[in-house]
Amino acid sequence: MNEEKTLRIGIVGAGGIVKQRHLPGLRALPNIQITAVANSTLASAEAFCRDFAPEAKPIARWEDVVDNENVDIVWIGAHPYMHHDVTDFGLQCGKHVFTQARMAATLQEAEHMWERAQSCPDLVTAICPPPQGMKSGEMVKKLLADGAIGTPHQALLHSFNGAWLDASQPAHWRQRTETSGIQILTLGIYTEVLQKWLGHITEVEARGNIVIPERQGYTVETPDFVNVLARFRSGLEATMMFSGVAAHAPTDRLWLFGTEGTLSYDFTTEEVSLGKRGGGLEVVPVPYDMQREWTVERDFIQAVRDPQAPRPKPDFTEGVCYMRVVEAVWEAMETRAAVKCA
């Protein structure tokens, strides 16, 4: 497609992430038009179009957004349980597809999405990246490559919050396997981040628990907290702890321990700290040209317009890699044994 052509976008699932992040990013680009929207109900699609995209047509069935001559790009903002079907049908219809994270509800679905994308190399596909670690992640990779902490051998990551402590509240969609599938808290997010920085996880052990097993008559099957011991291909081992029932929780943070020192990343402040053996931790200044800002929508549209442009990341290969880890964590919890991820 040449640069002058208007790209027409059909949205499937127009919730908070689309309103707050994707739509502003798309609106900032020239020659972009939202043409069709399907949401959880026709009424909610109509409300979205009225308030955010008056030029678009609200549509009851998502299939009619995808198989639509006025749509070039399918933009999926729905929950993980829909990602496979919408992506698969979209690619069959010859549409470029952007899907919200997490990649899919199951590993099998993610692998089939990858296979379908491989069979459509001219179509652009991508998964929404996590904002966690985006701003200063390049500095982390540079410090590790430069040997700033020697050889990394151990890591600790904690991601805690107290959002699920109130037992009187209904189950969040992330706690409902019928909408989120095998996803658990921020496990998939931080698995994606750590594999980008440290290489692939090859084996996991895991323990988790459901603290509040029933919410307003709904039986919860997704753990309220999970602790994972992960082994990376390099030999590094990481303890990864996640919780939705931790009052007074500390900020999400990663610690990397190496033979020559320690590297830490605060995911709330985006600060990178470095300490050498025998010294204290100090914040590392990150040059502006190494800081990455949110350019997700621009990167995807650029790839659609220009076949020579870099394909946006994360791609479906990266998605399958973290989905393998997430599934392995479930198996490890059930078997109480170490499980290979590849």
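This is a predicted model: local features need pLDDT of at least 70, side-chain atom pairs count only at pLDDT 80 or more; totals for chains, interfaces and linings use all residues.
Local features are given where pLDDT is at least 70 and side-chain atom pairs where it is 80 or more, whereas totals for chains, interfaces and linings use all residues. Residues are numbered from 1 along each chain as its sequence is written, and side-chain values use heavy atoms, with hydrogens and water left out.

**View 1. Helix 1 and its buried residues.** Helix 1 comprises 12 residues, 16–27; helices (H or I, at least four residues) and strands (E, at least two) are DSSP runs numbered from the N terminus. From first to last C-alpha the helix reaches 16 Å, close to the 16 Å expected at 1.5 Å a residue, where the expected span is 1.5 Å times one less than the number of residues. Val18, His22, Leu23, Gly25 and Leu26 are its buried residues (under 20% relative accessible area, 1.4 Å probe, protein chains only). They lie on the same side of helix 1 because they cover an arc of only 155° around the axis, the arc being that of the directions from the helix axis to the C-beta atoms. Their cover includes strand 1 (7–12), strand 2 (32–38), helix 2 (42–52), strand 4 (73–76), strand 5 (96–99) and helix 9 (296–305); contact means heavy atoms within 4.5 Å.

**View 2. Helix 5 and its packing partners.** The end C-alpha atoms of helix 5 (residues 107–118) are 16 Å apart, in agreement with the 16 Å that its 12 residues should span at 1.5 Å a residue. Leu107, Ala110, Met113 and Ala117 are buried in this helix. These residues cover an arc of only 120° around the axis and therefore lie on the same side of helix 5. They pack against helix 4 (83–92), strand 5, strand 6 (125–127) and helix 10 (316–335).

**View 3. Surroundings of Leu254.** Leu254 belongs to strand 13 (residues 253–258) and counts as buried because its relative accessibility is 2%. Neighbours within four places in sequence aside, Leu254 is in contact with Ala155, Leu156, Leu157, Leu194, Trp197, Leu263, Ser264, Tyr265 and Phe267.

**View 4. The largest cavity.** A cavity is a set of points on a 1 Å grid over the protein atoms alone where a 1.4 Å probe fits but cannot get out. One cavity of 30 Å³ or more is counted, and the largest holds about 50 Å³ of space, the volume being that filled by probe spheres set on grid points joined across faces, edges and corners. Its lining consists of Pro80, Arg102, Trp173, Arg174, Ser180, Gln183, Ile184 and Leu185, each with an atom within 4 Å of a point.

Methods
On a 1 Å grid over the protein atoms alone, a cavity is a set of points where a 1.4 Å probe fits but cannot get out, and a pocket is an open set with protein on both sides within 12 Å along at least five of seven lines; lining residues have an atom within 4 Å of a point. Buried means under 20% relative accessible area, exposed over 50%, partly exposed in between (1.4 Å probe, protein chains only).
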